[in-house]
Amino acid sequence: MIYGEMTMEEKIGLNIRYARFKSGVSQTELAKKLGVCTGVIFKLEHGVKLLGFNKSIRCCEILGVHLDDIVYGNGYEKVLLLQRIVKRCRENEEYHKYVCDALRQARIKKNLTLQSVADLHGVSKQAIDALELGKSGISNKWLYLLCRLYDLSPEALEEGELSL
């Protein structure tokens, strides 16, 4: 994917991914509900494939968005931001530690326990703890979910503007 000039297909794909993150629908669930294989959703989200009109409308219904949001929306910018943060975490151990610390502090500030976050997302308490301690990588989806749950701005996180 080209980060400077993006094709319309790439923007649509990332807008679908963002809508999928927001709705909590997995690629597998979306594929099943659309009657396609998971590989189609992967290609769709990467701007390699587009759905036909009827499946596009059904996709929007499943994700709870309007077709205009998918075609003209700016969710793709948010996905690119999340991707930049995750990439930077992989490349820079100090930044990774900063992001993990910010997530832990935000969770504590919201008075959420590791167990409550784990239960909410259907994972183990140890998985959330490992993520916050920087012992596991973070995905775009997890970063989105935790930032949303903790009222944490990905923009401020990217810029290193959070005081810990």
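The structure is a predicted model, in which local features need pLDDT of at least 70 and side-chain atom pairs count only at pLDDT 80 or more, while totals for chains, interfaces and linings use all residues. Residues are numbered from 1 along each chain as its sequence is written, and side-chain values use heavy atoms, with hydrogens and water left out.

The protein chain contains eleven helices and zero strands, where helices (H or I, at least four residues) and strands (E, at least two) are DSSP runs numbered from the N terminus. Read from the N terminus, the order of elements is therefore α-α-α-α-α-α-α-α-α-α-α. Along the principal axes, the C-alpha atoms of the protein chain fill a box of roughly 45 × 35 × 25 Å.

Of the 164 residues in the protein chain, 41% are buried; here, buried means under 20% relative accessible area, exposed means over 50%, and partly exposed lies in between (1.4 Å probe, protein chains only). The accessible surface of the protein chain comes to about 9100 Å², and carbon and sulfur atoms contribute 52% of that area. These areas come from the Shrake-Rupley method with a 1.4 Å probe, and for residues, only the protein chains shown count as cover. Among contacts in the protein chain with a separation of 6 or more, 66% join residues 24 or more positions apart, a contact being heavy atoms within 4.5 Å.

Charge was examined next. The protein chain carries 24 positive and 21 negative charges, and their mean positions are 6 Å apart. In this count, Lys and Arg are positive and Asp and Glu negative, with His and the chain ends not counted; each charge is placed at NZ of Lys, CZ of Arg, CG of Asp or CD of Glu.

A disulfide is a covalent bond between the sulfur atoms of two cysteines. The structure holds zero disulfides, judged as pairs of cysteine sulfur atoms within 2.5 Å. Cysteine 89 is in no disulfide, and its nearest cysteine sulfur, that of cysteine 100, is 6.3 Å away. Cysteine 89 counts as buried because its relative accessibility is 6%. Cysteine 147 is likewise in no disulfide, with the sulfur of cysteine 89 as its nearest cysteine sulfur at 10 Å; at 3% relative accessibility, cysteine 147 also counts as buried.

Another cysteine, cysteine 59, sits in helix H4 (residues 53-63) and is buried, with a relative accessible area of 2%. Beyond its neighbours within four places in sequence, cysteine 59 is in contact with Ile16, Leu30, Leu34 and Leu51. Valine 48 lies eleven residues from cysteine 59 in sequence and 17 Å from it in space, C-alpha to C-alpha.

Valine 40 belongs to helix H3 (residues 38-45) and is buried, at a relative accessible area of 15%. From valine 40 to phenylalanine 53 there are 13 residues in sequence and 15 Å in space, C-alpha to C-alpha.

Arginine 17 is found in helix H1 (residues 8-23) and is buried, with a relative accessible area of 6%. Not counting residues up to four places away in sequence, arginine 17 touches Glu45, His46, Val79, Gln83 and Asn140. Lysine 11, also in helix H1, is partly exposed at 26% relative accessible area. With the same exclusion of residues up to four places away, lysine 11 touches Met6 and Tyr76. Aspartate 129 is 118 residues from lysine 11 in sequence and 33 Å from it in space, C-alpha to C-alpha.

Most residues other than glycine have a negative phi. Asparagine 111, although not a glycine, has a positive phi of about 60°. Asparagine 111 lies in the loop between helix H7 (93-109) and helix H8 (114-121) and is exposed, with a relative accessible area of 69%. Aspartate 151 has a positive phi near 55° and is placed in the loop between helix H10 (140-150) and helix H11 (154-159). Aspartate 151 is exposed too, its relative accessible area being 59%.
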